[in-house]
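Welcome! Take your time with the exercises below, and try each task before you read its solution.

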Amino acid sequence: MERPIPVVLKDVGLTYHTSDGETKAVEHLSLTLKYGDILGIVGPSGSGKTTLLSVVAGILAPTEGKVEVCGLPPSEGKDKCGYMLQRDELFPWLTIIDNVLLSAKVKGLKDRRAYAENLLDKYGLKAYADRYPRELSGGMRQRVALIRTLVPSPEILLLDEPFGALDFQTRVYVVDDVRKIIKNEGKSALFVTHDISEAISMCDALAVLSARPAHVKKFFDLSRLAHLSPMQRRDDPSFGALYDEVWKALEFKKENEI
Amino acid sequence: MNDVKKKEQGFSKAHIEFLAKKRREKIAIYCCRVGVLVVVLALWELLAFCGAIDAFITSSPSRIAAKLAQLAADGELFKHAAVTLGETLAGFAIATVVGTLVAIGLWWCEPLRKTLEPHLVILNALPKIALGPIIIIWMGSGAGAIVFMAVLICVIITVIGVLSGFMQTDKGKLTLMDTLGATKRQKLTMLVLPANIPTIVSALKINVGLSWVGSIMGEYLVSRAGLGYLIIYGGQVFDLDLVMTSTIVLCVLAAAMYGAVALFEKAVAKKFDAES
């Protein structure tokens with residue numbers, strides 16, 4: 001049997017209601033995440049990138065259009081998705097292994113300890129299993145957060161600016177690690193970021209969103225860079241031109257003149 | 001001391017001197033603290049001895065010591081201290097447990113919280129001693145009324161403190177629980193409660209002081225035993241030695257209870273303290 005397509009968004013629209021009025025966050029947005037791909041989503045701030053992830057995760061219901069997660073409606077496909085946030089959000093009172101097992105515990109999955117220990121071992125954190133988060137560096141903590149996301153074995157990873165809270169140097173290394181881990185574990189991922197070079201170095205395809213209400217403005221296929229690691233991509237001759245193209249597609253408006 | 005010695009190996013001479021200076025300062029402060037107490041007691045005793053103050057009105061350390069020995073000898077001291085301590089501990093425990101449970105309830109049910117918040121604030125502002133007569137009529141004049149007074153004084157502030165801790169639970173961590181599809185119960189037991197252990201401990205610390213206020217107030221209103229009873233009784237018969245002695249016993253007990261809670265706080269702080 002062929003694998004179901006991880007994520008299909010068709011003509012999706014979403015309207016927020018607050019006491020100040022209603023906001024159209026997303027309108028006529030169509031997007032497909034192919035199996036095994038990391039699909040980057042870049043867009044101006046406040047363009048509904050996070051909203052999009054919440055829709056796929058089944059946390060928010062779209063007001064229009066169709067969403068399919070592994071061929072299921074998002075409410076049923078919830079366990080197919082693993083969410084990774086900007087900050088690691090490790091609980092300081094739990095050891096690393098207990099933090100990693102939190103996701104399984106919440107979802108009521110038993111017997112994940114061996115798998116979790118295996119992941120920690122594989123990604124160089126075995127020695128820290130019984131330590132507390134405060135004893136780890138920012139990059140290590142983010143790796144722990146990724147492993148916590150992987151423990152319930154999701155098909156799809158939803159990464160919401162997962163490197164935003166790291167300093168630049170750590171970030172470059174962690175991007176490398178995370179891409180390696182995602183590819184290794186055979187996952188598909190939606191990767192939201194506002195950092196263009198991070199998006200180009202990490203992803204297999206790139207969707208540029210418009211300002212609110214968000215739709216896909218331009219789509220970039222980066223599969224020809226697939227054989228390069230994020231670090232190598234930064235040195236690739238096509239990197240600069242690609243960066244300019246994405247930058248132009250984003251079309252940042254100057255908010256105030258200096 | 002051995003630990004200190006071991007640590008000092010490998011430090012420069014300047015650093016060892018710095019550490020020694022720190023230690024000297026610490027010892028000096030301790031000496032001064034004890035010194036203040038000694039000087040006040042000595043002055044008190046001296047002034048009473050030479051008749052500058054009337055020991056019948058002010059009592060004196062030696063008279064207090066004699067009274068203490070007498071009360072201890074006929075078992076009165078233990079009896080009364082135990083009564084008050086029991087009432088205080090009961091009030092303290094009930095208020096902490098009930099207050100925390102109410103806070104959990106209000107966290108759980110947002111409309112309930114929004115409805116009751118202003119009422120809580122007004123109840124908190126009300127001087128609970130004003131309810132004395134009502135308490136006597138409702139609860140009678142036994143230990144029940146006294147414990148009730150202690151609970152009343154502590155419980156509202158516990159609810160407010162613990163609830164505000166719950167409401168300040170890290171938004172990012174709550175989002176994480178949302179993305180994992182956690183139920184409200186899971187959020188409570190896995191995140192909100194453990195994250196708020198320090199909040200609850202600091203509520204304990206406040207309650208130590210307040211529960212003593214409650215039990216002594218209660219004993220002033222209704223009682224036939226306890227340190228508050230001894231103080232009131234001593235005042236009525238002009239036995240200032242009894243008043244002072246009871247007050248000092250009270251001081252010691254309250255300090256001991258506070259110390260116990262502070263130790264407990266130290267033990268949990270390390271594990272549960274926020275990001276560090």
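Predicted model: local features only at pLDDT ≥ 70, side-chain atom pairs only at ≥ 80, totals over all residues.

Residues are numbered from 1 along each chain as its sequence is written, chains are lettered from A and ligands numbered from 1 in the order in which they are written, and side-chain values use heavy atoms, with hydrogens and water left out.

**Exercise 1. A residue in a helix**

Task: Find out where B:N207 lies, whether it is buried or exposed, and what it touches.

Solution: 
- Step 1: Start with the helix. B:N207 belongs to helix α11 (residues 197-221) of chain B; helices are DSSP runs of H or I with at least four residues, strands are runs of E with at least two, and both are numbered from the N terminus.
- Step 2: Check the accessibility. Buried means under 20% relative accessible area, exposed over 50%, and partly exposed in between (1.4 Å probe, protein chains only). B:N207 has a relative accessible area of 0%, so it is buried.
- Step 3: List the neighbours. Not counting residues up to four places away in sequence, B:N207 touches B:F92, B:T96, B:C154, B:I157 and B:T158; contact here means heavy atoms within 4.5 Å.
- Step 4: Look for a polar contact. The side chains of B:N207 and B:T96 make one at 3.3 Å. The term stands for a pair of N or O atoms within 3.5 Å; within protein, one must be able to donate a hydrogen and the other to accept it, and residues adjacent in sequence count only if both atoms are side-chain atoms.

**Exercise 2. Nonpolar cores**

Task: Which residues of the largest nonpolar core touch the most other members?

Solution: 
- Step 1: Recall the term. A nonpolar core is a set of buried Ala, Val, Leu, Ile, Met, Phe, Trp, Tyr and Cys residues joined through side-chain atoms within 4.5 Å.
- Step 2: Read off the answer. In the largest core, which has 49 residues, A:M202 and A:L206 touch the most other members.
- Step 3: Turn to a second core. This separate core has 44 residues, including A:I41, A:L52, A:L102 and B:L176.
- Step 4: In soluble globular proteins, nonpolar side chains tend to be buried together.

**Exercise 3. Salt bridges**

Task: Work out how many salt bridges there are over all chains, then examine some of them.

Solution: 
- Step 1: Apply the rule. A salt bridge is a side-chain nitrogen of Lys or Arg within 4 Å of a carboxyl oxygen of Asp or Glu. The count over all chains is 24.
- Step 2: Take a pair in chain A. A:D177 and A:R143 meet in a salt bridge, with N to O at 3.6 Å. This pair links distant parts of the chain, 34 residues apart: A:D177 is in helix α5 (residues 168-184) and A:R143 in helix α4 (residues 138-150). A:D177 is partly exposed at 24% relative accessible area, while A:R143 counts as buried at 18%.
- Step 3: Take two pairs in chain B. For B:D178 and B:K187, the closest N and O atoms are 2.8 Å apart. For B:D170 and B:K173, the closest N and O atoms are 3.8 Å apart.
- Step 4: Compare accessibility within the B:D170 pair. B:D170 is partly exposed at 27%, and B:K173 is buried at 4%.
- Step 5: Widen the view. A network of salt bridges links A:R87, A:E89, B:D170 and B:K173.
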